[in-house]
Structure formats: C-alpha cells, structure tokens
Amino acid sequence: MYAKVVNLRIELRSARRGLSAEQQEEHALAVSAHLLCSNVFSSATCVAVYFSSDGEVDLAPVIEKLHSDGIKLVAPRIEGLEMAFFPFNPSDTLLENQWGIKEPEVGISIEEAEMSVALVPLVAFTEDGDRLGRGKGFYDRYFTVGDTLLIGIGHEIQRVDSIERNTWDRRLDAVVTEKGWDICSSRAAACIQHACGDSK
C-alpha cells in the first residue's frame, strides 16, 4: 500500500507541475468562477485558503474577491508537527517555509470553529471525497471535530478511481476542479447550490 501511495503522489505531482502556465491560469479562473457563482460563501464570515505551490490550483482570484467582500481570510502555517491558521490580508508580506510554501507571518491563530469554509489543496481525489495530500497529515489532524465545510481544490487530472484510506483520513464535503463541482457529502448536497450548471 505504501509504495502504491508514494508512486501515486509522484505521478500526480509531476502531472500538475507539467501543466503549462496558460493551463494553470485557465484552471485557476475556472475554479474561481465555479466557486464564486455558488452560494458556498454567502453566509461565510471566515474562510481558510492556501497559497499554491508545486502546481496546485492558484486561489488568487478567489482570495481577492473574498477580501473585497469583507470576508476574513486565514491560511495555514506549519509549526513543528502541527498546522495552525492565521489571518492575513492579500497585501501582506508572506514568509516561505522549508517546503517552499508561503505562509502568513506569526500572529494570533484562530480556532477551527471560526471557519465556515476551508479550501483544501490535494494531490489526488475521488468522486466520493477521499483525498490524498502530500503525506504529512496536517489537514487530517487539524480538521477532526469541527463543522467546517471542507472543499478540495484540484485539477481534473488529479481525479482517481480510488484511494486507500486510513482510519484518520478526513473526507472532503466537495471538490472543485476546472470542470466543476463534485458534491461528496450529504450536508454539502443540502447546503451548496451552484448557478453554473456544472455539477457532476
């Protein structure tokens, strides 16, 4: 199992890094449109985002719109073996961690309960909401008991038929790619409406 997962990570991280700059921009704009034409942020007061690296979908268009709408934005910062989320503004200077991922400067971290929605990066995903990350388990350890709506963000090339799950893995409520939405949980089906007609 371990070797299979490692090979899958290598394959899909290479595939997303292989996307051209034009494809990356197209996917970022498409994902942004799918998210922003939905109601997922309509009652949100605090949204967790990430800063893209390693070929991940760039959330800059979403970040700019949410900021302009007055929604509090938070992003992860790795502290030892744990991850915490800190508020930021798009104009803030960001730090770079040991993996080359940008992070907010240290401030006062927020609790998971404050987050309405978390946009989560991924290496692979299934239509059922199973997620494969980079392997450190930060997101699975952080989002354990709260009600935050977890929405995976990826490229369609990261879709796979199945992922072998561990007992501690946290399923996503939905996934958004350049092709549209996958609704993966009953609570997401009950609360997410999207006007683009892009549900799979």
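His-34 lies in helix α2. The model described here is predicted. The relative accessibility of His-34 is 11%, so His-34 counts as buried, the cut-off for that class being under 20%.

Helix α2 spans residues 21-36 and packs with α3. The angle between the two helices is about 40 degrees. Their axes are 8 Å apart. On the side of α2, the contact is made by Ala-28, Leu-29, Ser-32, Leu-35 and Leu-36. On the side of α3, Pro-61, Val-62 and Lys-65 take part. Six residues of this contact are nonpolar, one is polar and one is charged.

Helix α3 covers residues 60-68 and also contributes to a pocket. This is the second largest pocket, with a volume of about 210 Å³. Its lining consists of 15 residues. Phe-51, Asp-58, Ala-60, Ile-63 and Leu-94 lie nearest the centre of this pocket. Helix α3 gives the most to the lining, with three residues. By class, the lining of the second largest pocket holds eight nonpolar, four polar and three charged residues.

The loop between β1 (46-48) and α3 contains Asp-54. Phi of Asp-54 is near 60 degrees, a positive value in a residue other than glycine. Most residues other than glycine have a negative phi.

The largest pocket has a volume of about 740 Å³. A total of 37 residues line the largest pocket. Nearest its centre lie Gly-133, Arg-134, Gly-135, Lys-136 and Gly-137. Helix α1 provides the largest share, six residues. Of the lining residues of the largest pocket, 19 are nonpolar, six are polar and 12 are charged.

Strand β2 is also the place of Ile-78. Ile-78 has a relative accessibility of 19% and therefore counts as buried, given a limit of under 20%. Leaving aside residues up to four places away in sequence, Ile-78 touches Met-83, Asn-97, Trp-99, Glu-103 and Phe-138. Leu-122 is 44 residues from Ile-78 in sequence. In space, the two residues are 16 Å apart, C-alpha to C-alpha.

Strand β10 (residues 174-177) holds Val-175. Val-175 is buried, because its relative accessible area is 0%. With residues up to four places away in sequence not counted, Val-175 touches Leu-122, Phe-125, Gly-152, Gly-180, Trp-181, Asp-182 and Cys-184. Val-175 and Ala-48 are 127 residues apart along the chain. Their C-alpha atoms are separated by 15 Å.

Key. Residues numbered from 1 in each chain as written. Predicted model: local features only at pLDDT ≥ 70, side-chain atom pairs only at ≥ 80, totals over all residues. Heavy atoms only, no water. 1 Å grid on protein atoms, 1.4 Å probe; cavity = no way out; pocket = protein on both sides within 12 Å on 5 of 7 lines; lining within 4 Å. Points joined across faces, edges and corners; volume = space filled by probe spheres on them. Helix = DSSP H or I, 4+ residues; strand = E, 2+ residues; numbered from the N terminus. Nonpolar A, V, L, I, M, F, W, Y, C, P; charged D, E, K, R; others polar. Axes fitted to C-alpha atoms, helices over the stretch in contact; angles between N-to-C directions. Contact = heavy atoms within 4.5 Å. Buried < 20%, exposed > 50% of the residue type's maximum accessible area, 1.4 Å probe, protein only.
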